[in-house]
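Please read it alongside the sequence and the coordinates.

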Amino acid sequence: MLSAVNMATDPTYIDVAIALPVETTFTYRVPDDMRPLALPGKRVLVPFGKRRVTGYMLGFCERHDLKSIKDILDVPDEIPLFPESMIPFFKWIADYYMYPIGEVIKCALPGGLNMYDFTLVEITESGREVITDPSLTPVEQKMLRHIANGPSSFTDIFKNFGKKISGSLIRRLEDRGLITTRRTLKRSRVNPNTERYVVLNEHTTLPESMSVQRQKIIDRLRMEKEVSLKTLTQMVPSAGRMIKSMADAGYVSVVHRRVYRDPFGEAIQPDTLHTLTQEQENVTANILRSLGKGYSAHLLTGVTGSGKTEVYMRLAAEAIQRGYSVIILVPEIALISQMERRFRSRFGDCVALLHSGLSDGERYDQWMRIVSGEASIALGARSAVFAPFKHIGMIVVDEEHDPSYKQESSLRYHARDLAVVRAKQSGCTVLLGSATPSIQSYYNAVTKKFSQGVLTERVENRPLPEVAIVDLREYRDGRGAKKIITPSLHRAMKETLERGEQVLLFLNRRGFSSLSVCASCGEAIRCKNCDISLTFHKEENVYKCHYCGFCLLSNSKCTSCGSSSFQLLGLGTEKVEAAVQSLFPEARVSRMDRDTITRKESIVSILRALKNREIDVLVGTQMVAKGHDFPHITLVGIICADLSLNFPDFRAGERTFQLLAQVAGRAGRGDTPGRVILQTFNPQHFSILTAKDQDFKAFYGTEILYRKALNYPPFSRIIQIRIAGKDKNKTGRYAHDMGRVCQAIQKRDKTFLTSIEILGPIEASLQKIAAHYRWQILLKGISSQSLHQFVHCLFLERIYKTASKDIQIVIDVDPLYMM
Ligand code: ADP
Ligand code: ZN
Ligand code: ZN
């Protein structure tokens, strides 16, 4: 339909989304000579203000008689980077996450594609003459000397001279004719990788006699038609020179061919198909019935090891068979290598990978393999939801509950939610899988928005690990290592290591240390309105709720038992590692967390060491909780479950359940059954008890009541407005002003009185990050429409528009970590 409409509109004018923080799209004229090149989905270079910037063509549009309309300057792409069918998806995202459409597209596309303008500063002849002139200040002299070595960019100058150089100083020097500035275009960093290939020319008569080496090359070319110069050089070291003279003589031609940089490491063996279990068979058949028949959404639950991945692969195979493409989302890069191996061994070369662990060039290549139709499966982390397929048959979101599906910077999207939206728009199947589904998705299954499939058994009936709970309150007087590793855990570790097996110690720690619990009863101090843990604010010496602002003095008594002794839970993985070393000096201990893992490589090397049994004890954060398969880990120790339970967030219980159930699932995936020891101050908490039994239904049954009582999602929607600034007072004042504006909007439009609840402004629970003071306002609404309407009213207010310079405002729709 779209193309019919386009045909009718004039291809002279084109709608362009610009990759800059601007609200709307812009219309440009396509000059005649570029008419054949202009197509939606391609990038364009356009003049914008004084600059030239990259934009994306969204479609042709009505004739505009505006005089000021400008011409596009260039169309750098040969083929569109995304299909036209994705444009409504981008528009939906821009709308829902309140983010500029051009920036949405920029986020979706592989990095390194953009071209942009920057200013170069150059010294003039008269500048050179006066370099040492005493009328210049020392800073001016220094700067002139610096650029006398060659043109410099602003960034470079500021880097070298810091604050001493101001824009006005540069302008002054320019006015005096000592320097010039000019705008230059920076080309995109990524260009297609090409390689030289040699072809034997047809109808040439080759000379009668040739050297042995030449003959070797010719024979090879006869056999294979086209051979890369690289291969020929491996065969005959001097091939380069020979080919040149043979080309000059007209015997062969050299052509440039696109090649894809291969992101895959080792050679992968093809796998053998399993016979599906009866449960797998049923689930697969069920979903197959709706495949290819428009939108349908399914939630597949089943403990780790119950064979979900096998189900994904069967469905993917069927979808591809029918000519569709498939997107498989996996939460973290760390997990991709495992999934990648399984998909590659079954599907071979038609798998494209998309994740942040690839270099710009690799990502670009993978992207183009999808665009060109060479790949039919895209496997990747959250950004793979943007894979530019035209005919999607199925989108799989594995471990759909995983928080890493939420992007926590720039465009704050949730890839699982977007997978559902994209499936709806493109009329395909979406399959969410998890052992511990999110409350949100399970609620959707309960309310019949999703159909549900369940795998109840582990493949080959491998037993689930046995979980023992250790009450930390009994050890609260312990010292040093004993406080971290209780006697029961110590004993279990000793037994495991003596058997030559491996131990995993898990500690949840997401940059948060001011959580405190009552030392006698283990309860955290909670807000009486919001039921989330309060955070300690040192300066004011109070405990504060960072949703509603409720305060308690620091010397308050525990509301459950009356005791006034509180204990700070300030544990880190380093401390745990040290404790292990002191208790087991012989053991080979490694640590895996954000500090030790900076690159994909280091994850892989730790995992490899674990697999080769070069590590006896691995200490880690949530990174280790993800679905790796380590058959020799037979003991998992959870150091302090309360760290996540008392997190100041309404999802703390959900996340604790998920983490514990997932970590417990790590033990005993091999032939030996596993053991889990779970240390906690709250042995009776339902999140912990249900996680012990891996009983998601029981957990959901309790959790959902609490969500309903306090009107948290899925019974409401939340938008968080984050306000940050370097100046403490200014930021606070601004936050309060914004709060008053919110109140005023609510007063003015009475419908908001019942549909929107305004919480805050209040200092964020992490009050200061990277020298910024942080405040937040939470907007809770009965529907996302009313919330969006409310925020749009706020956008129109002067206070919102004038924030710009010292104050940053971030709108987070459906926030996950409200820190
Ligand atoms: P999940 O994704 O639910 O954790 P997997 O699909 O990874 O489960 O399956 C766990 C293990 O069982 C894998 O090693 C897989 O190869 C194996 N497996 C899956 N389905 C079968 C089957 N039908 N028969 C035998 N082994 C299977
Ligand atoms: Zn108490
Ligand atoms: Zn509160």
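F386 and Y413 are both buried in this model, which is a predicted one. A search of the whole structure finds 22 aromatic pairs, and F386 and Y413 form one that is edge-to-face, with 5.3 Å from centre to centre and 70° between the planes. The pair links distant parts of the chain, since F386 sits in the loop between strand 14 (377-380) and strand 15 (392-398), while Y413, 27 residues apart from it, sits in the loop between strand 15 and helix 15.

**Other aromatic rings and charges over them**

- One aromatic cluster is formed by Y442, F657, F686, F696, F699 and Y700.
- Over the face of Y817 lies R655, at 4.2 Å from the ring centre.

- Helix 2 spans residues 87-96, and its buried residues are I87, F89, F90, I93, A94 and Y96.
- In an α-helix, residues three or four places apart point the same way, because there are 3.6 residues a turn.
- After helix 2 comes M98, which has a positive phi, near 50°.

**Strand 27 and its parallel partners**

- Strand 27 (residues 633-638) is mostly covered, with 6 of its 6 residues buried.
- Strand 19 (residues 502-506) runs parallel to strand 27 and is joined to it by 5 bridges, and in this pairing Q502 has I633 of strand 27 as its bridge partner.
- Strand 28 (residues 675-680) also runs parallel to strand 27, the two being joined by 4 bridges, and here V636 stands opposite V676 of strand 28.

- Three strands form an open sheet in the order 21-22-23, with antiparallel pairing.
- Strand 21 (535-537) and strand 23 (551-553) are the edge strands of this sheet, each pairing on one side only.
- On average, and with direction ignored, neighbouring strands of this sheet are turned by 30° against each other.
- Strand 22 (residues 542-544) pairs with strand 23 in the antiparallel sense over 3 bridges, and V542 has L553 of strand 23 as its bridge partner.

- R591 is located in strand 25 (residues 589-592), and it counts as buried because its relative accessibility is 18%, where the cut-off for buried is under 20%.
- The side chain of R591 makes a polar contact with the side chain of E577, at 2.7 Å.
- S441 belongs to helix 16 (residues 439-446) and is buried, with a relative accessible area of 1%.
- A polar contact of 2.7 Å joins the side chain of S441 to the side chain of E400.
- Leaving aside neighbours within four places in sequence, S441 is in contact with L299, E400, R416, L432 and F450.

Key: Residues numbered from 1 in each chain as written. Chains lettered and ligands numbered in written order. Predicted model: local features only at pLDDT ≥ 70, side-chain atom pairs only at ≥ 80, totals over all residues. Heavy atoms only, no water. Buried < 20%, exposed > 50% of the residue type's maximum accessible area, 1.4 Å probe, protein only. Phe/Tyr/Trp six-rings, centres within 6.5 Å; stacked < 30°, edge-to-face > 60°. Lys NZ or Arg CZ within 6 Å of the ring centre and 35° of its normal. Pairing = 2+ DSSP bridges. Polar contact = N/O pair within 3.5 Å; in protein donor to acceptor, adjacent residues only side chain to side chain. Axes fitted to C-alpha atoms, helices over the stretch in contact; angles between N-to-C directions. Contact = heavy atoms within 4.5 Å.
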